Amino acid sequence: GVTVTATVDETLTVTAAAVTAANCDVTAGTDIDAPPVTATAIPFGTISTDTFYNACQSLTIGTNAASGYQTTLTSIVGLDSGANPFGVGVCDASCSITVAAAWATAGNNGYGYCMKDETGDAAATADATDWAAANQCGGATPKFKLVPDLSGPQSAEPIMQSAAGIGSDVSEIGVRISADAAQAAGAYTGIFEYTTTGTF
């Protein structure tokens with residue numbers, strides 16, 4: 001008898017990349033170009049009040065994990081200027097960290113995000129209701145969610161997911177911001193974090 005053996009190493013690759021303004025699928029407002037948007041920075045610069053500003057990144061994930069993966073989004077440092085937090089808002093109709101809602105009125109201030117599947121259906125798998133095709137960035141009825149804040153404390157929210165190994169899932173995340181006229185003056189900085197976990 002001949003015993004044949006082989007081992008396949010676990011693989012999990014995650015790539016974030018900037019999306020140019022021309023290819024950013026968030027509708028309405030001013031799209032920020034790449035650069036200055038990069039894989040690790042979204043500098044909106046000086047913004048006017050009651051105005052939408054949008055920036056997009058592309059997330060590409062591949063793994064040979066038998067039960068797939070999950071990617072979550074959190075804010076590990078809130079969008080603050082010293083002791084002044086940037087108002088998180090409620091979109092147009094009570095969006096939250098777990099429920100998406102329409103956000104077409106720039107006077108409804110805050111910051112949030114939308115998702116769009118480019119290759120595969122990772123965002124729709126993570127949330128089949130909120131990220132159904134029509135509700136994705138640039139869809140017929142685009143919707144947005146708020147970013148979970150770990151200092152809240154709030155739980156991380158899944159934004160991409162698969163139930164099996166995948167060669168390449170590609171989804172776009174669109175980040176939107178709008179400032180209220182009463183928002184305190186200052187330079188605001190926050191840190192968003194993507195965390196991808198394979199289920200091997």
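This report describes the nonpolar core and the disulfides of a predicted model.

In soluble globular proteins, nonpolar side chains tend to be buried together. The largest nonpolar core of this model has 42 residues, and Tyr113, Met115 and Met160 have the most contacts inside it. At least two residues each come from strands S3 (53–63), S4 (69–81), S7 (110–119), S9 (157–162) and S10 (166–178) and from helix H1 (122–126). Strand S3 provides the largest share, five residues. Beyond its neighbours within four places in sequence, Met160 is in contact with residues including Leu59, Ile61, Tyr69, Met115, Ala122 and Val170.

**The disulfides**

A disulfide is a covalent bond between the sulfur atoms of two cysteines.

| Disulfide | S to S distance |
|---|---|
| Cys24 and Cys56 | 2.0 Å |
| Cys91 and Cys95 | 2.0 Å |
| Cys114 and Cys137 | 1.9 Å |

The link of Cys114 and Cys137 is right-handed, with 115° about the S-S bond. Because Cys114 lies in strand S7 and Cys137 in the loop between H1 and strand S8 (143–144), this pair ties together parts that are 23 residues apart in sequence. Cys114 is buried at 0% relative accessibility, and Cys137 is buried at 2%.

The link of Cys24 and Cys56 is right-handed, with 55° about the S-S bond. This pair links distant parts of the chain, 32 residues apart: Cys24 is in the loop between strand S1 (12–19) and strand S2 (30–31), and Cys56 is in strand S3.

For Cys91 and Cys95, the torsion about the S-S bond is about 80°, so this disulfide is right-handed.

Key. Residues are numbered from 1 along each chain as its sequence is written. This is a predicted model: local features need pLDDT of at least 70, side-chain atom pairs count only at pLDDT 80 or more; totals for chains, interfaces and linings use all residues. Side-chain values use heavy atoms; hydrogens and water are left out. A nonpolar core is a set of buried Ala, Val, Leu, Ile, Met, Phe, Trp, Tyr and Cys residues joined through side-chain atoms within 4.5 Å. Buried means under 20% relative accessible area, exposed over 50%, partly exposed in between (1.4 Å probe, protein chains only). Helices (H or I, at least four residues) and strands (E, at least two) are DSSP runs, numbered from the N terminus. Contact means heavy atoms within 4.5 Å. A disulfide is a pair of cysteine sulfur atoms within 2.5 Å.
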